[in-house]
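Hi,

Here is the structure I promised to pass along.

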Amino acid sequence: MKREKISGGIHTVQQLLADGHVLRLYVADNKKSKNLTALVGEAQARGVPVEAVALYEIEMMLPGVRHQGVAAASEARGQAADWADAIAGVEKPLLLVLDSIQDPHNLGACLRSAAAAGVHAVLIPNSRAADVTPVVEKVACGATEILPLFRVSNLRREVERMQRQGIWVVGGAGGAAQSLYATDLTVPLAVIVGNEGEGIRHGLREQCDFLVQIPMAEGMESLNVSVACGVMLFEARRQRLFSGKPTPVFVAFC
C-alpha cells in the first residue's frame, strides 16, 4: 500500500501538481478564488480526482496550517538512506546543515531557499530542532517534496564524514573576519547555518573550515536566519554559475 501525506496551500499544491505527485485534491466547498479555480482545472487536466469537502474537514487534515481551502494527498516519496548516497556522482555537491533551527517558519523558508539554490541534501539534527510539520511544508512551498532531507543524531560526526570526503565546510557567523563574498564557494561545499538566537553551536563552529560573515550596512548586526541562509546559498549558486565569467546584469522594465 502506498504511504500518503497531506499538504495544503495553493503554492505548495501547485508545486506538487507540477511534479506529478498528487493523488487526490480536496477543495473546501465554500472557498472561491481565481487561483483555486485554476488549480482545480490543472488537477482535472492531469486526471487527478477532485473532491469538494466541508472546510472543517480540511482543517482537520491540516491543523494549524494556512491551507487556503485546498489540500492534496500525495505519495510519500522514498529517498536515499544517507546524505552520502544522495550526492553520489555529483562532482561539486552543495549541502546545507541547519543547526538547531527551532522556528517552523524559519525552517520552511530555509528549505525553500535550499531547493531554489539547487542544494543536493539538507541535514537537520534529531533534537533541539523543529520537526518537518505541515506548517513547515506550507512555508517551504513544495521544497520538502524535492529536497533530500536527513535527520541525524550527531551533526559533528556527519560534518567530519563530509570533510573526509573532500567537502569544505563554511559556517555563517556574524563576527567572522572573512567576508562571504571573498570566499571560494565553487568547491564541494557544506554550508552551516545556526540557531536563531545562539548561532552555530561551539563544537560545530570549531569544526568549520571557514567562518564567514555577510557584509551589512553600518548599524545592522544580524539578519533573520532564513534570510542569511538564502544569501549564503545564492552566493554559492552565483559563483558556480558564473565562475570565470562576467556576471550578467538583468534589467526589468515596468
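Which residues in H5 meet which residues in H10? On the H5 side they are Asn106, Ala109, Cys110, Ser113, Ala114, Ala116 and Ala117, and on the H10 side Val225, Ser226, Cys229, Gly230, Leu233, Phe234 and Arg237. Contact here means heavy atoms within 4.5 Å.

Before the rest, a word on the source: this is a predicted model, in which local features need pLDDT of at least 70 and side-chain atom pairs count only at pLDDT 80 or more, while totals for chains, interfaces and linings use all residues. Residues are numbered from 1 along each chain as its sequence is written, and side-chain values use heavy atoms, with hydrogens and water left out.

**The helix pair**

Two packed helices are described by the angle between their axes and the distance between the axes. Helix H5 covers residues 104-117, and its axis lies 9 Å from that of H10, at an angle of about 10 degrees. Axes are lines fitted to C-alpha atoms, for helices over the stretch in contact, and angles run from 0 to 180 degrees between N-to-C directions. That angle makes H5 roughly parallel to H10 (angles under 35 degrees count as roughly parallel, over 145 as roughly antiparallel, 65 to 115 as roughly perpendicular and the rest as oblique). The residues of this contact divide into 9 nonpolar, 4 polar and 1 charged. For those classes, Ala, Val, Leu, Ile, Met, Phe, Trp, Tyr, Cys and Pro count as nonpolar, Asp, Glu, Lys and Arg as charged, and the others, Gly among them, as polar. Helices (H or I, at least four residues) and strands (E, at least two) are DSSP runs, numbered from the N terminus.

Arg237 lies in helix H10 and touches Ala116, Ala117 and Gly118, leaving aside residues up to four places away in sequence. Arg237 is partly exposed, at 32% relative accessibility (buried means under 20% relative accessible area, exposed over 50%, partly exposed in between, with a 1.4 Å probe and protein chains only). From Arg237 to Leu185 the C-alpha distance is 8.2 Å, although they are 52 residues apart in sequence.

**The largest pocket**

H10 (225-242) turns up again here: both this helix and strand E11 (210-213) supply at least two residues of the lining of the largest pocket. H10 gives the most, with 3 residues. The pocket holds about 440 Å³ of space. Of its 23 lining residues, Gly172, Ala173, Gly174, Ser222 and Leu223 are the closest to its centre. The lining divides into 10 nonpolar, 9 polar and 4 charged residues. On a 1 Å grid over the protein atoms alone, a pocket is an open set of points where a 1.4 Å probe fits, with protein on both sides within 12 Å along at least five of seven lines, and lining residues have an atom within 4 Å of a point. Grid points are joined across faces, edges and corners, and the volume is the space filled by probe spheres set on the points.

**Two backbone spots to check**

Most residues other than glycine have a negative phi. Ser100 is not a glycine, yet has a positive phi of about 65 degrees. Ser100 sits in the loop between E5 and H5 and is buried, with a relative accessible area of 1%. Arg128 also has a positive phi, near 55 degrees. Arg128 is in the loop between strand E6 (121-125) and helix H6 (134-140), and is partly exposed at 39% relative accessibility.

Best wishes
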